[in-house]
Each structure stands twice: as C-alpha cells, then as structure tokens.
Amino acid sequence: MKISYNWLKEYVKTNLNPEEMAVILTDIGLEVEGVGSFQSVKGGLEGVVIGKVKTSEKHPNADKLTITTVDIGSEKYLSIVCGAPNVAAGQKVPIAIIGATLYSGNKEFVIKRTKIRGELSEGMICAEDELGLGVSHEGIMVLDETAKIGTPAKDYFKIESDTIFEIGLTPNRIDGGSHYGVARDLSAFLKQKGDSSVVKPSVDNFKADNHDLPIEVEIENQEACSRYSGLTIQGINVKPSPFWLQNRLKSIGLVPVNNIVDITNYVLHETGQPLHAFDADKITGNKIIVKTLTKGSKFISLDEVERKLHPDDLMICNKENGMCIAGVFGGIDSGVKTGTQNIFLESAYFNPVYIRKTAKRHALNTDASFRFERGVDPDMIIYALKRAALLIKEIAGGKISSDIVDQYPSPINNHIVELSYKNLTRLVGKKIDAEIVKKILSALEIKITGEKDDILSLEVPAYRVDVTREADVIEEILRIYGYNNIEISDKIVSTISAIPKPDKEKIRNKVSDLLTSQGFFEIMCNSLTSYDYYKDNHDFHEQNAVKLLNPLSSDLNVMCQTLLYGGLESVSYNINRQINNLKLFEFGNCYYMVKKDSDNKLDNYCEREHLALFITGQKNEPGWTSQNKPTDFFHLKSYIERILKRTGITTKNIESVPSGAHYFSEGLKYLASDKTIVEFGQLKPTITRNFDIDQNVYYGIFSLDIMLNLMVKNDISFSEIPRLPEVKRDLALLLDKSVSFSQIEKLAWKTEKKLLKKINLFDVFEDQKIGKNKKSYAISFYLQDTEKTLTDKRIDKTMQNFIRTFEKELGAKIR
C-alpha cells in the first residue's frame with residue numbers, strides 16, 4: 001500500500017522528515033518496506049527557468065529558424081536558436097539552460113551548447129509537451145507577463161515533489177488502510193511525546209440543495225449488507241480532474257480517469273471507505289435494491305467481461321437488472337461516462353465474507369474489495385459520503401439533489417473488552433504506569449467506560465476489527481508504548497516441559513543431517529496442489545481429496561495426498577535448468593478425507609507426516625577419479641537402510657515385500673506388524689513423462705508416525721568393545737529366482753540369535769549353466785562370542801544349522 005508523505009501531513013501536524021516518519025511507522029506496526037519519490041513532472045523541471053525574449057531575428061541560413069537573445073536574470077543574455085513559429089520579442093517563456101535534462105516518455109535528452117546551421121545556441125525555449133506539462137507542440141509556452149525573470153520553473157508551475165512510503169499492511173490492520181488511518185496511528189504515537197492531533201477535513205457545511213432526484217433504497221439481503229447509504233447530485237460536468245487531484249492519485253500509483261471517478265478514489269484512499277458513483281439516469285424505477293440474483297445470471301462488468309453469477313454474489317440492482325457487483329466491480333452500463341449529468345453516490349458496509357468469496361470466485365482484486373473483505377469502518381460511511389459530495393460540488397459543479405438515504409437495519413456495535421493491569425504487566429514483562437496506559441488508550445480512541453479493582457472496562461471502536469480480546473488491547477498499548485522501551489530482563493523464566501519420546505523434531509534433524517551429509521538437498525513444496533493429479537488415480541483416490549472451498553487457482557484447489565507430485569515438479573524444475581543429477585528430500589504432511597459416522601466434522605479428515613526421497617541422474621558428478629554411473633534402485637535402497645539404521649530401526653523384524661503401488665515399475669515395501677514403514681522403487685516413465693522428465697527417477701516414501709512408534713519400542717543399550725575376534729564364513733547358495741535375500745537374512749537371524757552379528761550379500765550370479773530360473777547368492781556370515789573364543793567345531797555346527805535351515809525352508813543347494 002502506497003502512502004504519500006505530503007498527503008499524510010494534511011491530517012497530522014508534524015515536523016518529522018520522511019526518514020524519521022518511516023522509522024516510527026515501522027515501530028508502531030505499519031512496516032515501511034520501501035521509500036520512493038514522486039514528482040508531478042518527471043525531473044521536477046530542474047534546470048528550467050523563466051526568461052524573457054529580448055530580440056527575435058530570422059536565422060540567416062534557415063527559413064524556419066529564429067535567433068533570439070533571452071534574459072534569464074544572469075549577467076549576460078543567452079543566444080538561443082528556436083524553431084517555434086510563435087516566438088517573439090517581449091515574451092516571458094520557460095528556458096532549459098545548458099545541462100538541464102528533459103524527458104519524453106522513457107527517453108531523456110540533455111541540453112548542450114551547440115551550433116545550429118552555423119549559429120550558437122545556448123539553451124532551449126520549451127513547448128509544454130517538452131516540459132511534461134501538456135501534449136501540445138504547436139509552439140513554445142508563452143507565460144503571463146507577471147512571471148518573474150530568473151524564477152525556477154518548478155516554483156512557477158508549483159511542481160510537487162513527494163516521498164512515498166510502501167507499507168506492508170498486514171490483513172488485520174485494515175484500520176491503517178488509508179491516509180487518515182495512518183495519520184490516526186501516527187498521531188497516537190506522537191501524543192505520547194507531546195500534543196499532536198489528527199485533523200479530519202470538515203463536512204459541516206454539507207446540506208441538500210434540493211430534493212428533485214430522490215432514490216429509494218431497499219436491502220433484501222441484510223446478512224450481506226449491514227448498512228447502505230447514498231445521495232444524488234444533479235447537473236455535474238464530467239471532465240478531467242484539476243492538477244492537484246491528479247497529482248495526489250498519481251503519487252500513489254493510480255491513473256486519473258475523470259473528476260467523478262477520481263474523487264471517489266481520492267476519498268477511498270483518504271478515509272478507507274470505498275464509494276461508487278452510478279449514472280442516476282440508468283437507475284430504473286429510481287430504486288436501489290441490494291440483493292443476490294439467481295445462479296447463472298449473466299452480468300457484464302466494467303472490463304466488458306460477461307460473468308455468470310453465483311447465488312451468493314451480492315449485487316446492487318435497479319428494479320430490472322443488476323448494475324454492480326457489490327463492493328467488488330462496477331457494471332459497464334451504469335458507470336459514470338463523459339455525458340453523465342446526474343449521479344447516485346453510494347457508501348456502504350458489506351459483509352467481508354461475502355465480498356472475499358465473490359472476489360475470489362471472479363478473480364477480481366480491486367481497491368474496494370481489498371478493504372471491504374477486511375472490514376471497513378461502519379461509522380465512516382456517512383462522513384465519506386458527505387466528503388465526496390462536497391468535493392464533487394466544488395470540482396464538477398452540480399447540486400446535491402436529495403437527502404442522505406441511510407439504511408442501517410442492524411447497527412454494528414463497538415467491542416467491549418476488560419483489561420487487567422496484572423495481565424498487562426505479565427504479558428508485557430514490565431509494569432507500565434496506569435496514567436500512561438490511559439493516555440495511550442485515549443490516543444487510540446479506546447474509551448474507558450469504568451474501572452474497578454485494577455480492571456478497566458473498555459469500548460473499542462468498531463473500525464478496529466482486530467481488537468476484540470484483552471490480549472489484543474495489550475498488544476495495542478505495547479505497540480504505541482514502544483517495543484524498544486521494554487528493557488531486556490536479567491533473569492530467564494522457563495517452564496519445565498515433558499517432551500514425548502522419541503522427540504519428532506530431533507528425529508527430523510538427525511535424518512536431515514544424515515541426508516545432507518550424503519549430498520541431498522531439502523525441498524519444501526506447497527501443501528496445495530492440483531485436483532487433476534487425483535483424477536482416475538489408482539493410488540490416491542478422488543474421493544479422499546480434501547478440497548478447498550475458495551481456491552486461489554485451479555492449480556491449487558486441493559490439499560496434497562502425497563509428496564510425489566510436488567517432488568516431481570521440483571525435479572522437473574531443476575532438470576529444465578540443466579541440473580540433471582539430483583538427490584532431494586522433503587518432510588511434509590499429507591491430507592486425506594475419510595468417511596466416518598461422526599458428529600464432529602473434523603473426524604472426517606486426517607493428516608499424516610511423511611519423508612520423501614528423490615534421486616535421479618548420475619551417482620557422482622563426472623570427474624577423472626570417478627566412473628560415470630547412473631543411479632539405480634539399489635542406490636536408493638542404500639539410503640533407505642541408512643535412514644532406518646540411523647533412527648535405530650533394525651531390519652531383523654522388518655518384512656520386505658513387493659510394492660503394490662501403480663506408480664512404480666519396480667519397488668519394495670518394508671513392513672513391521674503389517675504396517676508400511678517405507679515404500680520405494682523406480683517410478684514408471686508414464687508418470688515422469690507427465691512432468692517432462694526423460695530420465696529415470698527413484699522415489700521413496702517413509703511414514704514418520706510408524707517409524708516413531710517403532711522407535712518407542714527400541715531401548716538403546718551399551719556394551720563394552722568385544723575382546724574376542726569375530727569369524728567370517730562364506731556360503732554359496734543355489735536358489736530359485738523367486739527367493740529374495742531378505743528371506744535368507746530373516747531365516748539366518750531366526751536360526752542363530754547369539755553368535756550371528758552381521759550378514760552381507762557380496763555376489764549374485766545367474767546363468768543357464770546353473771539351471772533355468774535359478775540364481776546363486778554368495779553370502780558372508782559374521783560370527784562372534786563375547787565370552788569365549790569360537791572353536792572350529794562350534795563354528796562348523798552353526799554353519800551346518802544355517803545350511804539345514806536354508807535347504808529345508810528355501811530348497812537351497814550348497815555350491
């Protein structure tokens with residue numbers, strides 16, 4: 001939001017310079033994100049002065065040029081060659097002297113001493129378009145005889161220079177969404193330093209000139225419109241606005257339209273109250289009806305777009321049809337045009353929820369909807385109406401031709417809050433004197449209606465939509481008192497809290513440290529995603545999607561059921577920027593709608609946290625010391641098992657089964673008590689090609705909740721370093737292709753629980769020579785006894801037990 005320094009000073013009297021004011025505004029919660037400058041004429045007419053043409057003679061070498069001598073109040077006259085047909089001796093004219101910069105659109109040129117057709121020229125006599133003061137180039141500007149020679153042109157033309165604050169207005173602070181609102185807050189702060197009051201332009205001389213054009217108002221939907229006011233003005237002259245009004249609007253980035261529209265915009269940015277002007281002659285039946293229309297009703301808005309209305313879109317209608325989408329956008333037929341002579345001026349309070357939903361549905365974001373959807377001041381409505389009416393009379397002429405019609409069926413009350421000094425001290429961390437507190441409350445226009453037992457009864461104005469609780473009032477007091485005035489305490493007050501074990505945050509950090517040390521990068525994707533991902537999806541069903549009632553766009557209309565699609569978007573984004581070797585991970589929540597017979601609607605939804613891994617490209621960056629090998633399934637599997645090991649989850653009690661996910665071309669699933677810990681594999685090319693990815697992508701997804709449950713059961717125990725050596729024995733097993741290493745590993749741990757310490761698969765061999773549908777596993781078994789040295793006899797007995805078990809359970813043959 002842009003706020004003009006000069007405009008602001010019309011409402012609060014202060015000698016603060018822009019830099020000092022920016023610091024104060026930030027301190028009181030209206031953060032100044034940037035400071036810019038504005039000039040009503042680009043360049044500010046620097047280097048342009050008022051001069052007088054002393055002589056004017058034809059150029060000897062050019063028929064259309066004139067040689068002039070000009071007095072600009074310096075020691076000698078300037079010789080200037082001029083091509084304008086209307087230049088003559090005795091004229092007062094604007095002179096751009098040597099070194100001045102003039103602008104034409106985005107182009108600029110510097111005035112230099114030069115020779116034109118052999119004659120010296122030491123400046124330039126300017127036309128109005130060359131100075132940016134108009135569009136005419138028919139000749140030079142001839143000024144009034146009273147113009148003083150040597151006067152800077154910026155002073156003569158009253159060129160305005162201004163400082164513009166860019167304020168990052170938070171959604172709860174719409175009370176600061178206008179120049180008067182910012183001035184009110186600034187004044188509240190300055191009152192603590194001395195006497196400073198905010199000044200609102202007077203509307204005391206407002207009155208109706210006649211009653212020739214009454215307009216009746218009816219509010220059908222009182223839930224959507226709490227207050228609607230208006231009046232009529234006859235005999236206006238629609239034309240361009242005066243320069244002062246145009247400059248005010250230009251300074252905050254608005255484009256002037258005509259005097260009526262500009263006044264409504266001016267009052268909006270002055271008071272925060274949106275207004276709308278209708279062509280009164282287009283109001284059929286001389287009646288305004290505030291209501292909703294039937295679903296699918298067609299309406300052409302001011303941007304010439306035909307819109308189909310929702311049954312909750314509030315409309316401003318005449319007796320026959322809709323004229324305006326209330327609080328959002330005007331209609332093409334009822335707006336003010338050049339030939340408009342009579343207007344109906346509207347000022348209203350619309351339900352913020354209705355306006356916000358309508359603006360989102362039609363993708364319309366206007367200055368009016370920005371304020372209505374956050375909540376305007378219901379007590380500013382009549383003032384803003386009177387203010388605009390008086391400005392229209394002054395600038396556009398006309399007569400106020402009706403009394404103010406004010407329909408206010410359900411008055412909006414101020415907020416009643418109680419404030420305890422004890423709670424104030426507790427939350428602020430410092431005791432603030434009671435008189436200072438009362439002074440701040442008064443400056444914030446919060447009335448003290450009673451005081452008993454150190455508890456203040458307060459009435460908070462309705463325009464402070466964010467101040468409804470004691471904590472809100474305390475925040476307001478602290479904001480004006482100054483956060484920087486709260487001293488840092490020399491003691492720390494802490495509460496001993498019981499943290500559930502295992503600590504989820506520590507586990508996240510532990511896994512993140514592991515993965516980043518292995519070259520992974522963490523990604524954070526949007527929890528909102530596209531509904532299209534779940535259409536006809538065999539893994540994530542449409543009926544389980546959590547849909548948004550008012551999505552920001554069609555690409556962000558549901559909550560994500562999986563981290564897969566957001567991760568693939570990130571992979572695609574990086575590959576498109578020539579980063580092909582990727583290792584990514586993400587901690588994120590997934591959201592599901594489940595059907596439960598419960599009175600509590602929240603029971604229909606669930607949220608689960610997951611960890612996703614993505615790897616693609618080459619295992620290592622190319623280099624002379626490393627081979628260029630593509631990543632593969634087992635590369636991902638190694639990271640999966642490192643994570644399990646780092647979190648203390650052993651593979652002894654984990655069952656490995658093929659993944660049933662349709663998005664994997666090959667994959668595995670690790671189960672514990674029939675619950676999936678992790679599922680991983682190679683994504684199908686049909687999935688990755690949807691994201692313009694032409695290389696293999698490997699994906700793994702952990703369920704953090706199940707991992708944490710397993711970690712609860714894991715007791716960490718310590719033992720001394722073994723004094724006795726371990727023994728390694730190898731076996732070569734001939735097996736059916738259907739037998740997996742995890743089956744062998746599981747049987748081995750079950751057969752020997754005391755001596756077996758580690759199992760390692762170091763070779764897999766397949767060939768027709770060893771039999772059809774057969775394969776050979778070469779496996780190392782590491783044995784160790786912590787109490788005595790293993791004998792050959794005991795080792796051989798243990799290995800024989802392994803062989804018998806493998807032969808019996810798996811049909812294995814020893815090679």
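Salt bridges and their surroundings

Tutor: Let's start with a network of salt bridges that links Arg173, Asp175, Asp185, Arg464, Asp466, Glu476 and Arg479. A salt bridge here is a Lys or Arg side-chain nitrogen within 4 Å of an Asp or Glu carboxyl oxygen. Keep in mind that this is a predicted model, where local features need pLDDT of at least 70 and side-chain atom pairs count only at pLDDT 80 or more, while totals for chains, interfaces and linings use all residues. Residues are numbered from 1 along each chain as its sequence is written, and side-chain values use heavy atoms, with hydrogens and water left out.

By that rule, the count of salt bridges is 34. One of them brings the side chains of Asp705 and Lys504 together, at 3.7 Å from N to O. This pair joins distant parts of the chain: Asp705 sits in helix 18 (residues 704–712) and Lys504 in helix 14, 201 residues apart. (Helices are DSSP runs of H or I with at least four residues, strands are E runs of at least two, and both are numbered from the N terminus.) Asp705 counts as partly exposed because its relative accessibility is 29%, and Lys504 also gets the label partly exposed, at 28%. Partly exposed covers what falls between buried (under 20%) and exposed (over 50%), using a 1.4 Å probe and protein chains only.

Now look at Lys737 and Glu766, whose side chains form a salt bridge of 3.3 Å, N to O. Lys737 is in the loop between strand 37 (727–736) and helix 19 (741–751), and Glu766 is in the loop between strand 38 (756–765) and strand 39 (774–783), so this pair ties together parts 29 residues apart in sequence. Lys737 has a relative accessible area of 42%, which makes it partly exposed, and Glu766 is partly exposed at 44%. Another salt bridge pairs the side chains of Asp532 and Lys535, at 3.3 Å from N to O; Lys535 is partly exposed at 43%.

Let's go back to the helix that holds Lys504. Helix 14 (residues 504–517) packs with helix 16 (residues 633–646) at an angle of about 140°, their axes 10 Å apart. (Axes are lines fitted to C-alpha atoms over the stretch in contact, and angles run from 0 to 180 degrees between N-to-C directions.) On the helix 14 side you'll find Lys510, Val511, Leu514 and Leu515, which meet Arg642, Ile643 and Arg646 of helix 16. Contact means heavy atoms within 4.5 Å.

Next come helix 11 and helix 13 (residues 470–481), which pack at about 65° with axes 10 Å apart. Asn423, Leu424, Leu427 and Val428 from helix 11 make the contact with Glu470, Ile474, Ile477 and Leu478 from helix 13.

Finally, step into the loop between helix 11 (421–428) and helix 12 (434–443), where you'll spot Lys430. The Lys430 side chain makes a polar contact of 2.8 Å with the side chain of Tyr481, and another, of 3.2 Å, with that of Glu487. (A polar contact is two N or O atoms within 3.5 Å, one able to donate a hydrogen and the other to accept it; residues adjacent in sequence count only if both atoms are side-chain atoms.) Setting aside neighbours within four places in sequence, Lys430 touches Thr425, Tyr481, Asn485, Ile486 and Glu487.
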